[in-house]
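Could you walk me through this structure, one selection at a time? I have it open in a viewer and I am new to it.

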Amino acid sequence: MKGSFYGWYLKCQSDTQTLAVIPAIHRTGRKQTCSIQIITEEKAWTVTFLADKFRQTKSGIFIGENQFGEKGIRLAIKTPKLEIYGKLNFGTLCPLKYDIMGPFAFAPFMECRHSVWSMRHFVSGTASVNHQIYKFKRAWGYWEGDQGRSFPEKYIWTQCFFSGGSLMLSIADIPMAGIHFTGIIGVVLWHGKEYRIATYLGARVVKLQNKMARVAQGSLELDVCLLKPSGCILKAPSKGDMVRTIRESAACRAFYRFRKNGQTLFSFETDRASFEFEY
């Protein structure tokens, strides 16, 4: 049996604090395990569970006493290195108009399929992470997911909330049917309007160097730039096994600019960006 994985990424962020959680299940041959990764601005932890602690229902994912779904997150973990308890409630989700993968959602043999469940929703609640209190009151939340065999070998991923909206962009080297191509999926939610940037809509990479990427599609152009690399070590799947290490900055310094027909709709620097740069 080939290896596989399925997981969600749920990010909660206020003006001063960031907490992201990744519940996942992974299979390699006959071996099955599940895990929860906890990411803050300073540190990350991975807790592994037996596969029978994982279950998925219409209301969400359960791993042991931990629960994840459209209503929020409930956390209850105690290990020698991590003690976390809390409940975070979600407001109304903001899903996309259609699958972020577009026609590639139906393509066979994809190494990794991406989902975006909510671009931006309210988060309220409290969590204690090794006795440090994370308080969220009408803070912002983002929710996405991945499933397949492996993360792309080379990729960029970023997500950021900003005044009037939220954005995400992923650029990756995609192997399929013996060839490789650069795949782009991205969404800019700006004053209630969804701008989608994707390979299947004609998007292309114009520039990719020095932790900066520029993608263009018709009249749209998006720049993303990681200004201060940092980040925590996370586990990522390779043929279903969580043996690869990547580095994610849950809240770091970055620059974004979005233009339409040559006119800048927004341009800003922030220290609240989430970024992975694996090129």
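Here is a short tour, from the whole chain down to single residues.

**Before you click**

This is a predicted model, in which local features need pLDDT of at least 70 and side-chain atom pairs count only at pLDDT 80 or more, while totals for chains, interfaces and linings use all residues. Residues are numbered from 1 along each chain as its sequence is written, and side-chain values use heavy atoms, with hydrogens and water left out.

**Stop 1: the whole chain**

Show the protein chain as a cartoon: you will find 21 strands and zero helices. Both are DSSP runs numbered from the N terminus, with at least two residues (E) for a strand and at least four (H or I) for a helix. Along the principal axes, the C-alpha atoms fill a box of roughly 55 × 45 × 35 Å.

Now colour by accessibility. Of the 279 residues, 56% count as buried, where buried means under 20% relative accessible area, exposed over 50%, and partly exposed in between (1.4 Å probe, protein chains only).

**Stop 2: the cysteines**

Select C34. Is C34 buried or exposed? With 0% relative accessibility, C34 counts as buried. The structure holds zero disulfides, a disulfide being a pair of cysteine sulfur atoms within 2.5 Å. For C34, the nearest cysteine sulfur belongs to C112, 19 Å away.

Next, pick C160, which is buried as well, its relative accessible area being 0%. Its closest cysteine sulfur is in C252, at 8.7 Å, and that is too far for a bond.

**Stop 3: two loops**

Move to the loop between β14 (179-190) and β15 (193-198), where H191 is found. H191 is exposed because its relative accessibility is 58%. What is its phi near? The phi of H191 is near 50°, a positive value in a residue other than glycine. Most residues other than glycine have a negative phi.

Finish at N261, in the loop between β20 (241-260) and β21 (263-277). N261 has a phi near 55°, again positive in a residue other than glycine. Its relative accessible area is 61%, so N261 is exposed.
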